[in-house]
4 protein chains.
Amino acid sequence: MRTIRQPDHAYVYTLSAVHPPVASVACNESVRIQTIDAFEGRLRSESDLYSEKCPGPPRANPQTGPIYIPGAEPGDTLVVTIEDIEPTEGYAVTALIPEFGGLTGTTQTATLDEPLPESTRLLPIEDGTLRFNESTTIPLQPFLGTLGTAPDLEAISSLVPGYWGGNMDCVETCPGSSVWLPVLNEGALFFVGDAHACQGDGELTGVAAEMSACVTLSFALKKNYCIHWPRIETDDYLMAVGSARPLEDAARIAWKELIGWLVADYHFDALEAYQLLGLVGEMRLGNMVDPNYSMVAKLNKRWLPSVPGTGSA
Amino acid sequence: MRTIRQPDHAYVYTLSAVHPPVASVACNESVRIQTIDAFEGRLRSESDLYSEKCPGPPRANPQTGPIYIPGAEPGDTLVVTIEDIEPTEGYAVTALIPEFGGLTGTTQTATLDEPLPESTRLLPIEDGTLRFNESTTIPLQPFLGTLGTAPDLEAISSLVPGYWGGNMDCVETCPGSSVWLPVLNEGALFFVGDAHACQGDGELTGVAAEMSACVTLSFALKKNYCIHWPRIETDDYLMAVGSARPLEDAARIAWKELIGWLVADYHFDALEAYQLLGLVGEMRLGNMVDPNYSMVAKLNKRWLPSVPGTGSA
Amino acid sequence: MRTIRQPDHAYVYTLSAVHPPVASVACNESVRIQTIDAFEGRLRSESDLYSEKCPGPPRANPQTGPIYIPGAEPGDTLVVTIEDIEPTEGYAVTALIPEFGGLTGTTQTATLDEPLPESTRLLPIEDGTLRFNESTTIPLQPFLGTLGTAPDLEAISSLVPGYWGGNMDCVETCPGSSVWLPVLNEGALFFVGDAHACQGDGELTGVAAEMSACVTLSFALKKNYCIHWPRIETDDYLMAVGSARPLEDAARIAWKELIGWLVADYHFDALEAYQLLGLVGEMRLGNMVDPNYSMVAKLNKRWLPSVPGTGSA
Amino acid sequence: MRTIRQPDHAYVYTLSAVHPPVASVACNESVRIQTIDAFEGRLRSESDLYSEKCPGPPRANPQTGPIYIPGAEPGDTLVVTIEDIEPTEGYAVTALIPEFGGLTGTTQTATLDEPLPESTRLLPIEDGTLRFNESTTIPLQPFLGTLGTAPDLEAISSLVPGYWGGNMDCVETCPGSSVWLPVLNEGALFFVGDAHACQGDGELTGVAAEMSACVTLSFALKKNYCIHWPRIETDDYLMAVGSARPLEDAARIAWKELIGWLVADYHFDALEAYQLLGLVGEMRLGNMVDPNYSMVAKLNKRWLPSVPGTGSA
């Protein structure tokens, strides 16, 4: 299996069609992709503070890509299957960053309060666990904080999640999942980065256990199939991701996209799907710290009709 | 075990100290409490529409109570252990109600759009399941949509969740849980109602599988122990519930209350707890339809320090 | 003209039908009503801090009332004409209160940040001005921060604005304005308090120039005329007030109520009114600090059709 | 005075440094700039519907630019003085667009409701007025819906307002105003478009009276002077514009930027400025329909200290 690395370590900070592709990957070819952590490796000891070592937004959250998918055209859907995520350093890093996080004034929820004290914390990775402190080790549950396609016309900071995917920071984009993304440019132009060793729901402090990783992915195309927002499929679940502020709008988007999926592919009536989700739908918080917040709406596949086309029976 | 019924079926629609207690229950006595469904039994066939049969807010979501807990004083915390919830009719009811629900214009998110069509749906309860349609039956997962104490001075509609508990509509208030509520009046003055046979996260349509139920509860007091927002404890989890709009404020409240719990009882440093929750905290959507939205912040007890007082070790 | 004072200085902290009326005032009788400042006179020097001298919510924002209006029945609208507001002390008071205000973490927008430093500031009133500091004096622009009717069933803290009026903190409820409030109980049960010597849009710090005042009002009834949210009429404007969170919902409510008014009384088509407001409507921020935020939607009467019934011509 | 026109009518849809400059304008040179309406002239009769004639986002809101300002470097502030805005067609156009506007479900506030009916409306411009219907003419109050500098690294849709300016849709960017924008690229790279013949606060329907216009502007630079968000200065006011969701965050940003201005240039203490704004600050709704909502915080210059440096006296 080949490994794709960003040439000259020239990671990109926007999801955009302006960047030349770094590789072309045919459908159904599994590839390894090397990603670097969200701090671009600049925080290497606990005395390395974000405000001193990092250039700050939008020069943050470096991405590997774009990867060109032959045959992908606007109006298609790109299906990214996440096969594996392996840490490539012996540690992950987390931090408290001034004016960033879920329980502090931020550049958007602007206050006159003093920011929380800044700090950096290295979390050793050993034997499939992360050491949080002397008494607490956490099993690795790696996932991709950021993956997406280039949006139409725009070049959007890789810190932002949206209809193109991006920095969704949802734990569901992990090995075993297929992530559906809209194709908005020829070749799809896929970006990936920001692997997390683990993360709580909401990424409460704004920073997960950030790590460099080698990611194994494969791609498929659904030709002439349009989605409005990212979808995720696993053996057990159909999911949709909405990203917006306030958080209830992220939720509304995710539920509506999931209903649209049930109507389009599983022959549900929209209001029947709405009522079914009201009884058995699931939703956990993705992130509540990024420029858009993310929510993941889910339906366990046990609730799908056993005979296709009988969703409203 | 005695059964408490609301005298003369005179259910109440506010959580308030103005109502005379309907019973007194000593700590550690298990009691059965009969609750009526959120529509007060007015929707008995699928031709019974909410707008025609029900008086509308605030005369909605009838509660049994208040129940007086001897010894409870302001500054204490009431711990309500939910032992059992049994349906007492052969059906639950759900509905689409105009200008109410998560994916429609509402009286607060006001639009000029036409409301969705109104409908009522009876869901037969048989053998521990709920029949949704001909091909779909859902296992009962009963919980209490509404439970709370009388707030200080105010009389708040039982449709509203807040610091006193109330209409949180969180699936976590189910058998096996202990719900911690602030005592704000002498005798605590506890109310309960709005049992749900099951509900998806968020109560998306605004209406769960609403049922009348016999609820088995017991009470305990934590004297001179103050909480700011409801907490829930199970064998496996510490949880806190925040209720507010927008949804991110509900989340912030819940996380902060949970951190306060970790600091007060488990000797965590606040910022250490904040970072731990950023890595392993859990949060699912409670409701996104009531006058305040609710979010539940959770920490699995596996992350508590094994030796009390070493949370920040 | 008679003057109504709260008996025994027993000001009330909720808008509710549980309080016995303190006076009955016939329609078209002008009365003076003595109100006390939002701190109930407890902050009398700059060393009197809120957290030390005041009991805190919900024992805050004392109201005079309820005043019974003979003939008022549910389904009517009470029209309150504000004739005059006179300060009755030689000063107003403002303050910074921990976890309260527009640019600081609050009990709802909960953070772990340190609160801003608490302070109290007396603002001398002289010759129709308020002295802010040695170089700045501000002309008095008195208005009523809080006025409303008792809601249906509930007893709501006088800190909260809502469909019943309450703590809207909008500068438009000033002499020269008629405030329309829904009648939800027999006798309307009117409350008033929280006079402000002046206030910026939004009441940014959470505290205006709070003063005790003698308020001259008169009442009228619109029989069998229902409104959903408060309206305000002046010689020049039709206005509606929405109170909710997030702020855009307060705006949506206010615009929709104003459109409803144009449709009901001025024969507008709803979408015509919507488009007219899109071109000439006005909206300023009422408050962004209270439990619900308030926005005021306005239409200058110059845009009303000169011949009634031709709004959509 | 020279007139700048977009070469080949190749208007741009993003604010970005990827576009080659269309002109270079020295500081203090007044220039005329031809802008085209937000629909790029595609709606020319009332039977031209947006969904049929226009390509939809992000190919919307065409801009003239970028204009290169010699000497401008990152870390400077560009001051754009708006001298005149003249309509260049005999009409403006407004419309109702499905899933867009303040009182309807949208792509972000997603609902299952049917959209409002689509329509297009031409508004003749005659003698300085706009004809809304047979009985209503509205005086022109032209302003620029969109003006901004290229952001750092990103290419952002011209539909979006943010720290770089953009689609703020605030009536205050009108003749007589100087708009301060951050310089984030060499040459500043200024864009302008989306002139409005008039607009109500909030741009309630999502569409103002959209017109093509000839705009007279001049530029100045404040070297080594950083701002975080756009500011506006007139003879009478200091203002700052915040753009975010929910609306209260737009407000917080605007107030904080205005306080920062008072501290930096007028020697205010931050908390003194906060309290002064709480008493005399003004804020009206900019837009509540764009991808970010906008609010404008204002301080009348009468409240500035007469002797510089005595703001906290």
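In this predicted model, the contact between chain A and chain C draws 14 residues from chain A and 14 residues from chain C. The size of an interface is often given as the accessible area lost when the parts come together. Here, chain A and chain C bury about 950 Å² between them. Carbon and sulfur atoms carry 56% of that area. On the chain A side, the most area is lost by A:Leu103, A:Leu112 and A:Asp113. Together these residues account for 50% of what that side buries.

The side of chain A that touches chain C has six nonpolar residues, five polar residues and three charged residues. Zero salt bridges are counted between chain A and chain C. Polar contacts do occur: six residue pairs across the interface are in polar contact, with both residues at pLDDT 80 or more.

Chain A was also compared with chain B. A rotation of 180° superposes chain A on chain B, with 0.0 Å of shift along the axis and an RMSD of 0.0 Å. That is the relation of a two-fold axis. In chain A, the C-alpha nearest the axis belongs to A:Arg284, 2.1 Å from it. Both copies use the same surface: 100% of the contact residues of chain A recur in chain B.

Within chain D, six strands form an open sheet. Their order is 3-5-16-11-14-13, and the pairing is mixed. Strand 3 (23–24) and strand 13 (161–162) of chain D are the edge strands, each pairing on one side only. Strands of a sheet pair through backbone hydrogen bonds, either parallel or antiparallel. Strand 11 (residues 143–149) and strand 14 (residues 165–166) of chain D pair in the antiparallel sense, over two bridges. D:Gly148 has D:Gly165, in strand 14 of chain D, as its bridge partner.

Backbone geometry was then considered. Most residues other than glycine have a negative phi, and most peptide bonds are trans. In chain B, a cis peptide bond joins B:Pro57 and B:Pro58, with omega about 0°. B:Pro58 sits in the loop between helix 1 (50–53) and strand 5 (63–68) of chain B. In chain D, a cis peptide bond joins D:Arg245 and D:Pro246, with omega about -10°. D:Pro246 belongs to the loop between strand 19 (237–244) and helix 2 (247–266) of chain D. B:Ala188, a residue other than glycine, has a positive phi, near 70°. The loop that holds B:Ala188 runs between strand 15 (178–182) and strand 16 (190–196) of chain B.

Note on methods. Residues numbered from 1 in each chain as written. Chains lettered and ligands numbered in written order. Predicted model: local features only at pLDDT ≥ 70, side-chain atom pairs only at ≥ 80, totals over all residues. Heavy atoms only, no water. Contact = heavy atoms within 4.5 Å. Buried area = accessible area lost by both parts, 1.4 Å probe. Salt bridge = Lys/Arg side-chain N within 4 Å of Asp/Glu carboxyl O. Polar contact = N/O pair within 3.5 Å; in protein donor to acceptor, adjacent residues only side chain to side chain. Nonpolar A, V, L, I, M, F, W, Y, C, P; charged D, E, K, R; others polar. Pairing = 2+ DSSP bridges. Helix = DSSP H or I, 4+ residues; strand = E, 2+ residues; numbered from the N terminus. Least-squares fit on C-alpha atoms with pLDDT ≥ 70 in both.
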